[in-house]
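Hello,

Here is the structure I promised to pass on to you. Please open it alongside this message, and then read on for what turned up.

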Amino acid sequence: FLNFVDISAIESIEIVKDPARLALLGPLASNGAILITTFGGKSGIREISVNSYFGLNQKPSITPVNGQYENYFRQPFYALYNNTIEARQVYPGYLADSTNMNYYGASKWKDEYYRNSSLYSLDFSLRGGSDRANFGFLGGHTKNTTTADNNYFNRYNALLNINMLPFQWFTVSAFLNATRTDRNRNTSLRSRYGEIGYLPDLSTPLSPNVDQYRNYMSLHDRSVHDNITNSIQGNISISLDILSNLNYTTAFAVDYTEGIRDIFYPSELMETTNYISNYYGYSQRYTFTNNLKYNLTIDDKNALSFIGGIQYLDDLNRFTYAKAFDGPNDFIKLNVVDGDPNKAEYLSPIGGLKVHRWYNSELNRLFSAYGKIAYQYDKILDFDAVVRWDASSTIQPDSRWLFTPSASVKWNLNEQLDLEDQ
């Protein structure tokens, strides 16, 4: 959610719980739906807005400890419960030598790991136009940071909405939203070993000595850890008023998101074995919708409406992931393959890398037909009934269609009591 929408672009959020409305939205909304209304075009005087905020994360106040503190903590337990020669022989080596200044010296790493960090956001919006044509544009940048390990999150967002009314009976609307995010992840051992699926000798932890920590971080400066996500959402809709109470609308929407993650750890961080991994995955969805809506006002108190439509949805999810160990040197930081399909070494890694690959692709097509009838009596009683048929390409052909009727009734007691009092 944070990737594809700028909070400044949100004008309203609605949680849909009514079963009839959820049925109209389709099977993807079977567990509920959240409708987000974003910044859009507006007729009238042109509006220009600049919004920004700035904040500061203050680093925590902590007291780092060294090997002496841990040694004093362990010794009473050894003395009471395990004061044997065998236990002393396996006592951690980094605690056995009190002259080792890497562990018994001053522990001053906190100012290297924790620091005051800033977070800010800046967005610019412009909208205006007339009743026949209007537009809205919003662009923004947000940066969030933490006080630990120089972690941060950047987001860049641009949104454009255009509405046109060439004729009184003909309306065209277009929407485009594009977002890019990048993250700087932590440098913890847990994160790294979880990624590579490899556990080295952990009998000696990182030294609390500030010089040793700086040296460790200088090795990380030679690594690569790129995390980028790009997404784009767009739609175009055409609305025709065939009659004063009969409307036809057709719409085409696209939703595309891709994630890219490139990692390289040099051999100094990996017990002389370097590591490379590359991930690229994307999900794309396009939707084509047509519906016909008819409104019938019987009298001042009674009204009927009918909606009928069809929808086609296509979902494709695909990723490729490769990781390699023990490259020829620390200067080759990419998993390079032979890209000539006419050669026998096609897609074979160059440089003697030991590469493991994973691929996956999933395609789902959904076709839906639906109808809705709604009756309203004087703002007191609302009745909605929805019927729909949905067919998915992932279901076996002999039971591909699913029929799901739904109905709801609303009775506004407050409105009725007010009318009776009158």
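**Strands, rings and one threonine**

Ile-263 stands opposite Ser-277 in E10. Please keep in mind as you look around that this is a predicted model.

E9 and E10 run antiparallel and are joined by 20 bridges. One example is Val-224, whose bridge partner in E9 is Phe-264. The step from E8 to E9 is made by a hairpin through two residues.

Now for a residue within E9. Thr-249 has its place in this strand, which covers residues 246-265. Which residues does Thr-249 touch, leaving aside its neighbours within four places in sequence? They are Ile-238, Ser-239, Thr-289, Asn-290 and Asn-291. The side chain of Thr-249 also makes a polar contact of 2.8 Å with the side chain of Asn-247. As for Thr-171, it is 78 residues away from Thr-249 along the chain, and the C-alpha atoms of the two are separated by 9.3 Å.

Next, the aromatic rings. The count of aromatic pairs comes to 21. In one of them, Tyr-113 and Tyr-114 have ring centres 4.8 Å apart and planes at 85°, so this pair is edge-to-face. Are these two residues buried or exposed? Tyr-113 is partly exposed, at a relative accessible area of 25%, whereas Tyr-114 is buried, at 18%.

Another pair is made by Tyr-279 and Phe-319. Their ring centres lie 6.0 Å apart with the planes at 25°, so these rings count as stacked. The pair links distant parts of the chain, 40 residues apart: Tyr-279 is in strand E10 (residues 275-297) and Phe-319 is in strand E11 (residues 302-325). Tyr-279 is partly exposed, with 32% relative accessibility, and Phe-319 is also partly exposed, with 26%. Together with Tyr-321 and Trp-358, Tyr-279 and Phe-319 form one aromatic cluster.

One more ring deserves a visit before you close the viewer. What lies over the face of Tyr-152? Lys-143 does, at 5.0 Å from the ring centre.

Enjoy exploring, and do write back with any questions.

Best wishes

Key
Residues numbered from 1 in each chain as written. Predicted model: local features only at pLDDT ≥ 70, side-chain atom pairs only at ≥ 80, totals over all residues. Heavy atoms only, no water. Phe/Tyr/Trp six-rings, centres within 6.5 Å; stacked < 30°, edge-to-face > 60°. Buried < 20%, exposed > 50% of the residue type's maximum accessible area, 1.4 Å probe, protein only. Helix = DSSP H or I, 4+ residues; strand = E, 2+ residues; numbered from the N terminus. Lys NZ or Arg CZ within 6 Å of the ring centre and 35° of its normal. Contact = heavy atoms within 4.5 Å. Polar contact = N/O pair within 3.5 Å; in protein donor to acceptor, adjacent residues only side chain to side chain. Pairing = 2+ DSSP bridges.
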